[in-house]
Amino acid sequence: MVTPDGIERDVTLTTAAARYDELWVRDAVGEPPLRREEVLELLALGEVIARKAVYGRQLAVRSARRAGASWAQIGGAMGVSKQAAWEAHGKWIDDQAEQNRRSDYQGLDENQAAAARHLAGDVDE
């Protein structure tokens, strides 16, 4: 059975989106109807795309901070308040650190998480 964890490492965001789009169009048209395995793949690909998009967004936030962007500017670019952008990024860092503790190879290790928190700074920076 296809699962997000099973395919996430093997596909890029572009590849996942292309396959998702192919299956979605076939499902919308209904000809030929998707088999059960394909529908489950469609669901798993949707989750992979969401995960990769969140990860990519947070990498862009880190790049914006490195480039000197304020949280107000980052929030504006994301269509949210500076507080919401800062909190979402902090949660992402915490989630990445937890993932590393659980898996010992994915996510951010302690040093990387500390560096990310330092770069994130305070919401008013």
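These legends walk you through several close-up views of one predicted model. The residues are numbered from 1 along each chain as its sequence is written, and side-chain values use heavy atoms, with hydrogens and water left out. Because this is a predicted model, local features need pLDDT of at least 70 and side-chain atom pairs count only at pLDDT 80 or more, while totals for chains, interfaces and linings use all residues.

View 1. Helix α6 covers residues 110-120, and its buried residues are Ala113, Ala116 and Ala120. Here helices (H or I, at least four residues) are DSSP runs numbered from the N terminus, and strands (E, at least two) are defined in the same way. Buried means under 20% relative accessible area, exposed means over 50%, and partly exposed is in between (1.4 Å probe, protein chains only). Why do Ala113, Ala116 and Ala120 count as being on the same side of α6? They cover an arc of only 60° around the axis, which puts them on the same side of α6; the arc is that of the directions from the helix axis to the C-beta atoms. On the other side of α6 you will find Glu110, Asn111 and His118, which are exposed. The cover over the buried residues of α6 includes α3 (36-66), α4 (71-78) and α5 (82-103).

View 2. Just after α6 comes Gly121, which takes a positive phi of about 65°.

**View 3. The largest pocket.** The largest pocket holds about 690 Å³ of space. On a 1 Å grid over the protein atoms alone, a pocket is an open set of points with protein on both sides within 12 Å along at least five of seven lines, where a 1.4 Å probe fits; lining residues have an atom within 4 Å of a point. Grid points are joined across faces, edges and corners, and the volume is the space filled by probe spheres set on the points. Which residues lie nearest the centre of the largest pocket? Of the 20 lining residues, those are Glu8, Arg51, Tyr55, Gln96 and Gln99. Helices α1 (4-8), α3 and α5 each supply at least two lining residues, and α5 gives the most, with seven. Sorted by class, the lining has six nonpolar, five polar and nine charged residues. In this sorting, Ala, Val, Leu, Ile, Met, Phe, Trp, Tyr, Cys and Pro count as nonpolar, Asp, Glu, Lys and Arg as charged, and the others, Gly among them, as polar.

**View 4. Gln106 and its neighbours.** Look for Gln106 in the loop between α5 and α6. Gln106 counts as partly exposed, at 26% relative accessibility. Leaving aside residues up to four places away in sequence, Gln106 touches Arg9, Gln96, Gln99 and Asn100; contact means heavy atoms within 4.5 Å. A polar contact of 3.1 Å also joins the side chains of Gln106 and Gln99. A polar contact is a pair of N or O atoms within 3.5 Å; within protein, one must be able to donate a hydrogen and the other to accept it, and residues adjacent in sequence count only if both atoms are side-chain atoms. Gln106 and Gly6 are 100 residues apart along the chain, and their C-alpha atoms are separated by 14 Å.

View 5. Arg19 belongs to helix α2 and is partly exposed at 23% relative accessibility. The side chain of Arg19 makes a polar contact of 2.8 Å with the side chain of Glu22. Not counting residues up to four places away in sequence, Arg19 touches Glu38, Glu41 and Leu45.

View 6. Gln58 has its place in helix α3 and is buried, with a relative accessible area of 2%. Gln58 touches Ala88, His89 and Trp92, not counting residues up to four places away in sequence. Leu59, also in helix α3, is partly exposed, with a relative accessible area of 33%.
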